[in-house]
Amino acid sequence: MKRDLRPEIRQLQAVVRDFVRDVVEPVAHVIEEEDRIPEEVVEQAKELGLFGLSIPEKYGGLGLNMTEKCLLLEELGKTHNGFTSLIGAHTGIGTVGIVEMGTKEQRERFLPKMATGEWIGAFALSEPEAGSHAANLRTRAERRGDRYVLNGMKHFITNGPEAHVITVMASTDPSKGAKGITSFLVEGDFPGFSRGPADVKMGLRGSHTCQLYFEDCEVPVANRLGEEGEGYVNALKILANGRASLAARCLGSCEKLLELSLDYAMQRKQFGRPIFENQAIQHMLADMYVEIETLRSMLYRVTFMVDEGKKVIKEAAAVKLYASEVYNRIADRAVQIFGGMGYMRELPVERFYRDARITRIYEGTSEIQRNIIAAQLKKEYVR
């Protein structure tokens with residue numbers, strides 16, 4: 001794969017790797033303790049173009065394909081997951097809908113500011129009664145002349161407190177179930193739109209989520225993304241892209257955990273020798289390596305398919321499922337290798353362990369990914 005990369009991508013990958021090591025990681029404790037990403041880190045991320053990874057160059061982005069984008073997200077996954085989530089949610093589910101399905105006017109209006117990070121993007125599908133079951137949406141959108149009026153709420157929305165542009169799924173025809181869902185681009189200053197306080201979570205400090213409220217929120221028809229009734233299909237396309245991106249971030253975190261675990265196993269001594277000499281430790285490290293390399297092969301097979309324009313609903317669900325489960329297993333092994341120190345907040349493995357848990361839930365739970373895979377297998381089944 002590396003032989004096929006453009007030289008500038010190799011250079012950018014190295015730049016991002018240095019940025020992670022020299023800029024983000026030294027302030028990881030600040031992100032964790034203060035639940036905020038230092039402004040100077042965000043500004044440097046903007047200067048590197050990290051908010052415009054897959055936004056076309058004509059709109060000020062880097063114009064990366066899926067493989068190239070995931071290579072950079074893999075590097076970002078090696079540091080604080082809260083910072084990575086801010087970038088990942090924005091460049092994935094926060095902007096991909098506008099890039100792939102937006103009108104010329106929508107792209108020209110939104111993408112230049114989103115590419116620079118001046119405007120942050122978010123994606124709002126989940127509701128208290130419609131997380132995994134999208135057809136059960138309670139948020140309604142009623143057409144009134146040249147506007148839609150939205151009423152309802154969303155919850156657990158990543159980047160919700162900061163977002164300027166939110167891709168919102170609402171039902172325009174409840175009688176049609178999933179086929180009655182339409183997507184809209186809601187801007188942060190629209191009358192009738194408000195946000196709840198930031199959620200207090202187990203992990204992902206610095207990455208903020210909240211509830212979003214729509215009370216007679218007027219959205220111009222010009223801000224409808226696609227046609228009426230296309231929202232559910234739009235959501236599937238957006239989430240498929242996001243799931244591959246999330247898998248790349250998980251891969252980077254797994255690589256970092258293996259690096260930390262191997263270094264600790266070589267340095268930590270018990271009974272007069274490094275704990276690496278214990279076969280139990282060697283086997284855990286070997287299993288971590290095998291799962292990482294399996295995930296890497298699986299991920300970049302999916303990204304190649306995306307870049308070739310192939311349908312990847314099943315494959316994206318599979319790689320998200322595998323990546324999140326592997327990340328949790330590797331985080332658990334890392335804590336075990338570190339022993340009591342792995343449970344201490346002074347070392348990063350404890351943070352990775354907490355942050356890993358959400359990956360099996362958000363952007364579709366592991367159980368929902370299995371449902372998607374099974375549904376696609378049924379469609380493909382030929383006797």
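**View 1. Phe214, a buried ring in a predicted model.** Phe214 is buried, with a relative accessible area of 1%. The model shown here and in the other views is predicted. Phe214 belongs to strand β7, which covers residues 209–220.

View 2. Phe193 and Phe214 form an aromatic pair. The ring centres lie 5.5 Å apart. The planes make an angle of 35°, and the pair is classed as tilted. Phe193 sits in strand β6 (residues 193–195) and Phe214 in strand β7, so the pair ties together parts that are 21 residues apart in sequence. Phe193 is also buried, at a relative accessible area of 10%. In total, the model has 5 aromatic pairs.

**View 3. Strand β1 and its side chains.** Strand β1 spans residues 121–124. Gly121 and Phe123 point one way. Ala122 and Ala124 point the other way. All of these residues are buried.

**View 4. Strand β1 beside strand β4.** Strand β4 covers residues 165–171. Strands β1 and β4 run parallel, joined by 4 bridges. Where does Ala124 find its bridge partner in β4? The partner is Val168.

**View 5. Arg351 over a ring.** Arg351 lies over the face of Phe352. The distance to the ring centre is 5.1 Å.

**View 6. The annotated span, residues 7–118.** An unreviewed UniProt entry annotates residues 7–118 as "domain: Acyl-CoA dehydrogenase/oxidase N-terminal". In the model, this span is 68% helix and 0% strand. The C-alpha atoms at the ends of residues 7–118 lie 28 Å apart.

Technical notes. Residues numbered from 1 in each chain as written. Predicted model: local features only at pLDDT ≥ 70, side-chain atom pairs only at ≥ 80, totals over all residues. Heavy atoms only, no water. Buried < 20%, exposed > 50% of the residue type's maximum accessible area, 1.4 Å probe, protein only. Helix = DSSP H or I, 4+ residues; strand = E, 2+ residues; numbered from the N terminus. Pairing = 2+ DSSP bridges. Phe/Tyr/Trp six-rings, centres within 6.5 Å; stacked < 30°, edge-to-face > 60°. Lys NZ or Arg CZ within 6 Å of the ring centre and 35° of its normal. UniProt positions renumbered as here; feature names shortened; annotations may be inferred.
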